[in-house]
Amino acid sequence: MERLLDWTFVVGHMNYWLFIVLMMTGLFIVVARGNLVKKIIGLNIFQAAVFMLYISIGKVTGGTAPIYPVDMQGHMQVDPSIIYSNPLPHVLILTAIVVGIATTSLALALTIRIREAYDTIEEDDILKIERHMAAEDNKEHGAAMGGRA
Amino acid sequence: MSAVETQHVARDLMDQLPVLQVAIPLIAAPLIVFIGNRKLAWAIAFAASAAAFVIACTLLWQVIDGSVISYHIGGWAPPLGIEYRIDALSAMILMLISGIGTIVLPYAYASVAAEIPKKQHTLFYALFMLCLTGLLGMVATGDAFNIFVFLEISSLSTYVLVAMGAHKDPRALTAAYDYLIMGTIGATFFVIGLGMLYMATGTLNLADLAERIADQGINRTVRAGFAFVVVGMGLKVAMYPLHHWLPNAYTFAPSAVTTFLAATATKAAIYVMLRFLFSVFSPGFHFEDWTLYLIFIPFSLLAMFAASFVAVFQTNLKRMLAFSSIAQIGYMLLGIAMLNATGLSAAVVHMVNHGISKAALFMGVGAMVMYSGSAFFDDLKGLGRKMPITGAVMVAGGLSLIGVPGTAGFISKWMLVQAAFENGWWIIAIAIMLSSLLAVIYVWRMFEVLYLTAPSDDCTATDPPLPMLVPMLILAGACIWFGFDTELTLGSARVAAEGLLAGSAGMMH
């Protein structure tokens with residue numbers, strides 16, 4: 001009879017479990033935290049989880065670094081008996097890391113501007129100010145349209 | 001040398017068009033920043049997008065017979081190298097995006113001058129070019145990871161463009177922040193999906209992915225990958241429950257940006273969705289059919305009614321049009337979910353027709369806002385009479401939005417209804433007509449404010465200067481023109497839909 005829980009499978013996929021834990025942690029922070037900077041940190045954890053997923057994909061069991069030695073003439077010495085890890089996911093994730101940095105810096109820049117405009121970076125306070133602004137808009141423009149925006 | 005040369009498929013300029021399409025705006029962006037002159041910045045941006053438009057037209061002309069152009073970046077053959085793949089569908093969307101970009105720029109010159117502080121003008125044009133690059137790249141490329149990179153290029157520049165509205169209203173900043181968080185989650189979901197597909201197949205080339213998935217069949221990894229890709233792109237498309245970022249972003253962004261985004265950004269995302277639904281996966285797979293029937297159809301119907309209903313009660317014209325966009329995206333997704341050639345052509349043709357109508361409407365609002373200072377209905381009272389040409393443009397756009405016969409919007413809705421009848425779904429056909437009635441109500445409210453109320457006595461509004469009028473007139477003309485002459489839009493859409501279905505039919509067995 002097949003065992004209900006295959007421990008070698010569970011432990012062997014440790015990276016993927018951690019990926020899921022990290023991903024959910026990140027997403028939870030983005031959703032649950034009201035501080036704009038904390039949201040960005042959550043987003044970063046979320047993205048880092050994806051980096052981990054990709055890096056894990058690239059690992060081949062028993063594989064070594066995918067670097068071919070070069071002989072004196074500059075020809076690559078490819079030895080078919082050696083197992084190499086897959087470098088492609090690593091390269092892909094380099095791109096994604098760069099994108100992540102760009103996103104983070106843009107988000108932080110926006111946060112600075114929001115702080116300048118609203119004098120707070122707490123979502124609740126910002127929402128309160130925006131509701132107030134919407135109410136003002138309503139008072140000013142809504143009367144003509146039946147009093148609502 | 002000869003060995004190297006034979007690897008290159010592209011020999012002359014004509015063969016390089018697919019990459020030039022993306023490269024020209026990409027090079028224009030840093031060029032604008034380096035030169036740093038406001039007037040020159042506009043000229044470079046306009047020249048680059050006009051060039052992209054000409055290239056897109058040439059490409060469409062080359063593939064309208066149903067052929068496919070495959071361009072190998074750097075001469076590296078796919079699936080290892082990155083491939084740019086142009087067929088009727090992608091050429092059509094490329095033409096829409098670059099065409100709208102070219103038309104928006106003359107309008108943007110005056111509109112941006114009124115809405116954005118002077119020192120940000122050059123950066124505005126640079127970002128506009130980057131956004132154009134990203135959107136064109138998403139459509140031109142045939143490599144899944146490349147789509148992600150271009151998606152992020154366009155998204156990051158879009159966030160900044162939206163935030164540039166902060167000069168008028170600080171809420172543009174929070175709108176941009178919200179959009180950034182949602183957009184990044186969407187793009188990251190997309191990457192997770194790609195990772196899973198790569199895990200299962202070992203390739204990232206779209207055509208190769210399709211082949212390998214068809215060969216090895218479906219497993220749980222592929223299914224999970226599919227789900228992540230659809231949800232991730234759904235966020236970018238503003239598919240109904242994932243649309244939260246859209247109304248604020250459209251309302252508080254500068255007029256020129258709203259016009260450009262409303263007409264292009266969601267369309268490029270729908271294009272990617274189509275590619276994954278039909279070219280990579282195929283409707284033969286059970287889980288995809290059920291996704292379309294159980295998720296796409298109910299949510300598109302909800303979008304058509306709920307978003308239109310919300311639109312009826314808006315006091316801000318820009319916000320009303322934003323909600324109408326969410327509803328119209330519902331029509332497109334509904335067309336896709338019908339899973340027949342007519343429905344697909346309807347979806348594709350509606351992408352173009354709605355893009356044109358919405359661009360005309362948002363341009364009209366932008367021109368009025370220049371005089372009234374806000375897009376609130378009570379500030380726009382009687383402006384249709386004071387600005388006769390702008391008003392006429394908005395009437396044309398509004399009628400096309402409803403789908404009145406003789407306008408572009410009618411063609412796509414008619415096709416959609418036909419597609420519903422083809423499947424025997426008469427309830428859905430009735431739903432399409434009922435939701436159009438909601439569109440009648442909100443468009444009528446716009447007409448009422450613009451024409452049937454008296455303008456204030458001290459209102460000095462006149463039609464905007466010629467560089468703003470001409471783009472508006474071109475778009476309004478297109479709204480009418482494509483309502484009568486459907487050769488270009490419907491013809492290409494049919495070829496595109498057949499291409500999509502043929503691509504998937506080959507994989508079903």
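This is a predicted model: local features need pLDDT of at least 70, side-chain atom pairs count only at pLDDT 80 or more; totals for chains, interfaces and linings use all residues.
**Quick tour of a two-chain model**

- Ala238(B) isn't a glycine, yet its phi is positive, at about 70 degrees. You'll find Ala238(B) in the loop between helix H9 (220-237) and helix H10 (246-252) of chain B.
- Leu339(B) is another non-glycine with a positive phi, this one about 60 degrees. Leu339(B) sits in the loop between helix H13 (317-337) and helix H14 (341-372) of chain B, and it's buried, with 20 other C-beta atoms within 10 Å.
- The peptide bond running from Pro78(B) to Pro79(B) is cis, with omega near 5 degrees. Pro79(B) belongs to the loop between strand S1 (69-72) and strand S2 (83-86) of chain B.

**A helix pair in chain B**

- The axes of helix H2 (residues 17-35) and helix H3 (residues 38-63) of chain B come within 9 Å and cross at roughly 175 degrees, so H2(B) is roughly antiparallel to H3(B).
- Their contact is made of 19 nonpolar and three polar residues, with no charged ones.

**Where the chains touch**

- On chain A, 34 residues are in contact with 30 residues of chain B.
- H4(A) gives the most to chain A's side of this contact, with 14 residues.
- By class, chain A's side has 24 nonpolar, five polar and five charged residues.

Technical notes:
Residues are numbered from 1 along each chain as its sequence is written. Chains are lettered from A and ligands numbered from 1 in the order in which they are written. Two residues are in contact if their C-beta atoms, placed from the backbone, lie within 7 Å. Helices (H or I, at least four residues) and strands (E, at least two) are DSSP runs, numbered from the N terminus. Ala, Val, Leu, Ile, Met, Phe, Trp, Tyr, Cys and Pro count as nonpolar, Asp, Glu, Lys and Arg as charged, and the others, Gly among them, as polar. Axes are lines fitted to C-alpha atoms, for helices over the stretch in contact, and angles run from 0 to 180 degrees between N-to-C directions. Angles under 35 degrees count as roughly parallel, over 145 as roughly antiparallel, 65 to 115 as roughly perpendicular and the rest as oblique. A residue is buried if 20 or more other C-beta atoms lie within 10 Å of its own, exposed if 12 or fewer, and partly exposed in between; C-beta atoms are placed from the backbone.
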